[in-house]
Amino acid sequence: MESAAAQPVVPARTWDPMENVDYRLVETPEEWEEVNSLRYRAYLREGAILPSESERVTDRYDDLPNSFTFAVYIRGELYSSIRISVLTPKWRDSLSSEMFSDLLHPELDRGKIIIDPTRFVADPEKVKKFPELPYVTVRLGYIACGHFNADIGLANVRAEHRAFYRRVFLQEPWGQPRLYPGLIKPVGLMAAHYPSIRERVFHRFPFMRSSAFERRMLFQRRSGSKLPQLDETKSAELVSLQAMSLGAK
């Protein structure tokens with residue numbers, strides 16, 4: 001694990017970067033339409049995908065019960081989105097778990113809990129208006145690590161974004177970059193042992209902290225079908241699961 005200086009990295013501001021941020025769990029068809037359109041615009045602008053008639057980006061992982069997709073609003077406008085997948089010995093399906101199964105499945109076999117944030121996209125026209133946007137968006141992955149008592153936090157990123165995740169979350173590369181179907185640029189896996197780096201990240205980025213109330217409000221669903229969800233307490237042998245609602249799409 002790379003060492004880091006114990007001082008804030010985000011430029012000092014006279015206001016709280018979270019002041020105007022609203023996290024919303026994506027559940028309704030209208031919300032999914034908006035997010036999938038944002039994904040398409042962002043990926044196309046970055047040259048990560050080819051143009052398509054649908055002008056939407058989605059995949060089967062959006063529908064899995066261990067995945068949570070969030071929309072990030074600033075002053076009521078959609079600025080970014082990210083998907084958080086929770087991997088356990090029982091719930092192993094995610095984008096990174098498929099791409100890097102040789103690296104992640106052995107960790108799951110050992111009983112580890114892994115948080116896999118993917119599909120991080122930002123509105124190409126708005127991102128320059130809010131320099132803290134990458135920080136407040138990836139904060140959702142860090143909140144998930146705390147809520148689900150994670151052992152490992154991941155980042156599935158292109159080479160040019162590695163420095164950000166190394167600086168913010170003290171993550172190190174795992175394996176060589178790989179190409180996922182539908183993308184035209186390879187992505188690499190980065191990872192950190194969450195319990196080891198948690199307090200250092202909190203010291204450098206105080207706004208990464210979250211309350212138990214915020215964590216519960218983010219990772220709950222509104223409608224009636226049942227979703228197994230990790231309890232915040234992990235037993236010595238097995239991950240305990242509890243029922244929770246799954247939002248309709």
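How many helices and how many strands make up the secondary structure of the protein? I counted seven helices and nine strands, where helices (H or I, at least four residues) and strands (E, at least two) are DSSP runs numbered from the N terminus.

**Basis.** I worked from a predicted model, in which local features need pLDDT of at least 70, side-chain atom pairs count only at pLDDT 80 or more, and totals for chains, interfaces and linings use all residues. Residues are numbered from 1 along each chain as its sequence is written, and side-chain values use heavy atoms, with hydrogens and water left out.

**Whole protein.** I noted that 48% of the 249 residues are buried (under 20% relative accessible area; exposed is over 50% and partly exposed in between, with a 1.4 Å probe and protein chains only). I then looked at contacts (heavy atoms within 4.5 Å). Among those between residues at least 6 apart in sequence, 70% join residues at least 24 apart.

**Largest pocket.** I found about 780 Å³ of space in the largest pocket. A pocket is an open set of points on a 1 Å grid over the protein atoms alone, where a 1.4 Å probe fits, with protein on both sides within 12 Å along at least five of seven lines; lining residues have an atom within 4 Å of a point. The volume is the space filled by probe spheres set on the points, which are joined across faces, edges and corners. The lining has 39 residues, and F120, N156, V157, H161 and Y165 lie nearest the centre. Elements giving two or more residues include helix 1 (29-46), strand 4 (114-122) and helix 5 (162-169). Strand 4 supplies the largest share, seven residues.

**T118.** I next examined T118, which lies in strand 4. T118 counts as buried because its relative accessibility is 3%. Leaving aside residues up to four places away in sequence, T118 touches I82, R83, L95, S96 and N156.

**Helices 5 and 6.** I recorded an angle of about 95 degrees between helix 5 and helix 6, with their axes 9 Å apart. Axes are lines fitted to C-alpha atoms over the stretch in contact, and angles run from 0 to 180 degrees between N-to-C directions. Helix 5 is therefore roughly perpendicular to helix 6 (65 to 115 degrees). R167, V168 and F169 in helix 5 meet I197, V201 and R204 in helix 6.

**D102.** I placed D102 in helix 3 (residues 101-109). D102 is partly exposed, at 46% relative accessible area. D102 and G175 are 73 residues apart in sequence and 9.7 Å apart in space, C-alpha to C-alpha.

Conventions. Angles under 35 degrees count as roughly parallel, over 145 as roughly antiparallel, 65 to 115 as roughly perpendicular and the rest as oblique.
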